[in-house]
Amino acid sequence: MGIMGKGWRIALTTTCVLATVLTGLQPCRVIPSLALRNGAKSTQGFTRRASGAQLRRGFRRASGGRGRVRARASVVNAYCHGFLSDEKSTKGQWLKQKLNDAYSGTNLKTLNLNAGPDASTITPETGVEAINEFFEESVRRSGRDREDVKIRLVGSSLGGYVAALYASRYPSRVQSLTLICPSFDMKSRWHTVWGPEIMQKWKEEGGRIFKGFNERPDVRIPYSFVESCFKAPDFPVVTCPTVILHGTQDELVTPSVSERYIKLDNPKGSEHISEKKKGPGGMGNVMLQLVPDNHDMTTPETLKLILGTVSWQWNLEESKRSDSDKTKGKSEEYEVETKYMLSDPKACEERIQQAGGKLIAVQSFEDRYWDIRGEWTLAKRSIWLRERAGVWEVKVPTGARDPEGGEVYQELRGEMEIQENLDALLTNTKRKQPFKDSPTLKEWLTRNGFEVYARYRTRRSKYKLSDGVIGDLDATDYGPSGFNLLELEKVVGSQEEIELAKKSLKESSLRILPTDRAEAGLNDEAVRGKLTEYIRRYEKELFETLSELENFNYLTADGFRQLDADLGSEIPQFEQWSMERGFKVGPISHYDFKNGSRGIKADSSVRKGDLLVEVPADSIIRLDPSEKFQRKIFSGTSLESKLEGLERLWNKYDKWYVRLGLKLLAEREKGKKSPVYGYVSLLPPLEDEKIPLLWSDQRIKASFGYYPQLYHTIIEQARLWRSISEELSNSTGLAAKDFIWAFYMCWSRAFQGDFGVPTWQALVPGLPFLREWTTSKPDLDSYVLLPYIDSHNHKTTESTSLNFNPWTGSFELLAGSDYKQGDEVFISYGKMSNDILLQRFSFVEHNNQLDCYRVKSEEIAFHFGISEDSLPEILRSNGIIYLRNGRAHDSKTVQALRSLSPNGPRELAHSLIQAIEKADNLEFSGNAIASGFRAEKLRLLREAMTV
């Protein structure tokens, strides 16, 4: 947490909290190599260890000093069991006992959601009512008003769904949720889990017998239970801090269900950050942890993780530590850690696994950092206030120094403690609202001018290594290629053990990181943390403010000033080149947006029809129709000695992207001697993870095998590229990957058209899915790479005007819409479905109204259990194409389907949904492209089910 540099970092866990002297703190530096901070983590990364360093003079505990005016809420805890269980749930009883043993006075009520002696009467509504009865009873016993009583819910399977449903209806009552394999999305899942035959029989017979477990008798569940579940919302939206634990081997509720849940848009999740600054969408208050277990979630490791999660969410370790300090002697624990920036996280993870690393969990969570923008009240004092999945934590320097000269930090969790101490900090500044008048920390922050200035999601793979070392592989979702870190850490109990811990970390790093940094997947830049990277990319004002502070001068070691020099270094280089080449550029510039993309931003207002860019003819790379091989193109390059082989392959492969790719490679080989050097230097390296064409056959099939139309197209294209690139590599000595890079740059960036007419209105940058779909004269088309213009991102609804001047050979791009300052400026790549966008450009457009789902005749025949020859002629010839909003490409195909069954179109769509759900592959569900494409296809087919 916070900003840090490379080298060792040591965290001291103490019972100290923020100091009353905070009001007098001067801006202080961030630790370059060593930090002591409060709050060492357990091996699960949740519980804070007990400790007891002596309080420094001038510090106070949050429970002492100034008396609180606002009283703490009365908090009660409840466990919600799963389907076919009751209040005697094995998991619930185990958790109840463990909480009572480990944290005296922590009571967990195990509820009966069944509204009767067995599960025959359970519905989501009976579960909600059971929770509500417990809440009302708790209010009566406490003698307080309802708003002063909060409930913390733990729920498993159906109980997890019910807990979320209750929290969505009564958000002010629920303090936190811990959900274990929650059974969201029941309408879509149950037909897949049980199968249509069982569901139909259940409906016809009015009930179904389920075998009891754990010595419970068999029970008949009426079909009314199914109907009640189908009436309930698929994904209840919650606003309280929530952690979901889900087994990767869960076949009843696949983990992809929870992964979809955290990506839902929460209408209340981003109210404190402006639209311009908003980060990725999704449930920012929800953390997801995938663990190697099935739906039962009862292995010893999983149960330990559940207990640790509850302890972390409920802040039980801090409470236990505070109580023990009063009666026991002090103790200390230290977290020693070191970080590595990664350029190839996949290679690093493979080496961790080869070294025997055991995967504990895969976590997905969102961090939000708060401060007063412009004033930077906290950042200037090196105070970092973070909200992670709704849980608050603040890190503050104590003024002390560790043995190596680094700043000593402390961490504090708990809303009231943080609020009270920050209130003291603002007393001498511009406090607008006393803490006593605000019911929550977030409300108090907002009233006093705080806002979110950094927001990003991290996917963390947590590994257990030898000798007690934990390895965290972190991947963020910001920037064109994200940001990847490896953190190794170990917790020890005394200062004497710190050096041994450093030795353990070093030994672990030697086992998993070879001396060849490229082979290890390491990045050679100065090591920096996730927040440091975020600030330097997106918060230029704060970045400059911190760099200019006198006490931050040594941040060169942390990479701050060094980063200022290389921040987007290829962008200034490109823009300097374009200016020297005579480009005419409107009020726009390149920009790294917070949604993870690099694109073009309006620096001031732009009106429709305004000039955006004019590219001169001598600054483009162009391939004309039937262009012959030209030896002079390769003059002065390493390819010059391979001209005969190049010419043979040029003539052998008349693919436009092969020939244009060879011309692009020639310019890259020339380096700064190339007239288009500035453009070539801007082109990104290949990111295999984000380009399906570069995946293995196995991965392509695993990701898209449920949709053979796309799967076969991509895999054939990928095989062709591999074949051509290997032949070129053998003939030239260049690596095959160099040719793949050139092919893909042209494939995804080139513009196509007949430039022989005075004005060409270009609709498509890059070739369509099948060229013959959009042009009747492919042999007359030229292909061009257009610097600056090809940096614009795509939006289907955008109107694009790209003009070619045959007299000068230049290209002119005009704005297709009005844009405000700070807006991203788009062009349209053409009217394309997601099939085409994914194959050509490796992205999927959310809610693309031009999307479609193509179903071949053999799939139709398979669904209806007949031979293809038995299908109506129009279906044998054309299949069917589903369009958005429940429409079809040809109404005659719909009539043909209805001739097979009155509900034929809906039945076929439902069958396809089942096939996609069954084909869900967890290994690739974390890939945004594959999961995004799958989500859009399911959206389209579900629309077909509703019309």
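Where in the chain is the place of Cys181? I looked it up and found Cys181 in the loop between strand S5 (174–180) and helix H4 (186–194).

**Basis.** I am working on a predicted model, in which local features need pLDDT of at least 70, side-chain atom pairs count only at pLDDT 80 or more, and totals for chains, interfaces and linings use all residues. Residues are numbered from 1 along each chain as its sequence is written, and side-chain values use heavy atoms, with hydrogens and water left out. Helices (H or I, at least four residues) and strands (E, at least two) are DSSP runs, numbered from the N terminus.

**Positive phi.** I noted that Cys181 has a phi near 45 degrees, a positive value in a residue other than glycine. Cys181 counts as buried at 1% relative accessibility. Here buried means under 20% relative accessible area, exposed over 50%, and partly exposed in between (1.4 Å probe, protein chains only). I then turned to Ser842, which is not a glycine but has a positive phi of about 60 degrees. Ser842 sits in the loop between helix H25 (834–841) and strand S29 (852–855). At 10% relative accessibility, Ser842 counts as buried.

**Salt bridges.** I took a salt bridge as a side-chain nitrogen of Lys or Arg within 4 Å of a carboxyl oxygen of Asp or Glu. By this rule I have 50 salt bridges. I looked at some of them one by one.

Asp474 pairs with Lys530, and their closest N and O atoms are 3.0 Å apart. This pair links distant parts of the chain, with Asp474 in strand S16 (residues 470–476) and Lys530 in helix H15 (residues 530–538), 56 residues apart. I find both Asp474 and Lys530 buried.

Glu627 and Lys663 form a salt bridge at 2.8 Å, N to O. Glu627 is in the loop between strand S22 (621–623) and helix H19 (643–652) and Lys663 is in helix H20 (residues 656–670), so the pair ties together parts 36 residues apart in sequence. Glu627 is buried, with a relative accessible area of 10%. Lys663 is buried, with a relative accessible area of 10%.

Asp688 and Lys737 meet in a salt bridge of 3.5 Å, N to O. That pair links distant parts of the chain: I place Asp688 in the loop between helix H21 (677–682) and helix H22 (697–704), and Lys737 in helix H24 (residues 736–749), 49 residues apart. Are Asp688 and Lys737 buried or partly exposed? Asp688 counts as partly exposed at 32% relative accessibility, and Lys737 counts as partly exposed at 48%.

I also traced one network, in which salt bridges that share partners join Asp185, Arg260, Glu917, Arg934 and Arg942.

**Helix H29.** I checked the span of helix H29 (residues 904–918), which has 15 residues. The expected span of a helix is 1.5 Å times one less than its number of residues. For H29 this gives 21 Å, and the end C-alpha atoms are 21 Å apart, which agrees. Among the buried residues of H29 I listed Gly904, Pro905, Leu908, Ala909, Leu912 and Glu917.

**Gly92.** I found Gly92 in helix H1 (residues 90–102). Gly92 is buried, with a relative accessible area of 0%. Leaving out residues up to four places away in sequence, Gly92 touches Tyr79, Leu108 and Thr110; contact means heavy atoms within 4.5 Å. From Gly92 to Leu108 I have 16 residues in sequence and 8.5 Å in space, C-alpha to C-alpha.
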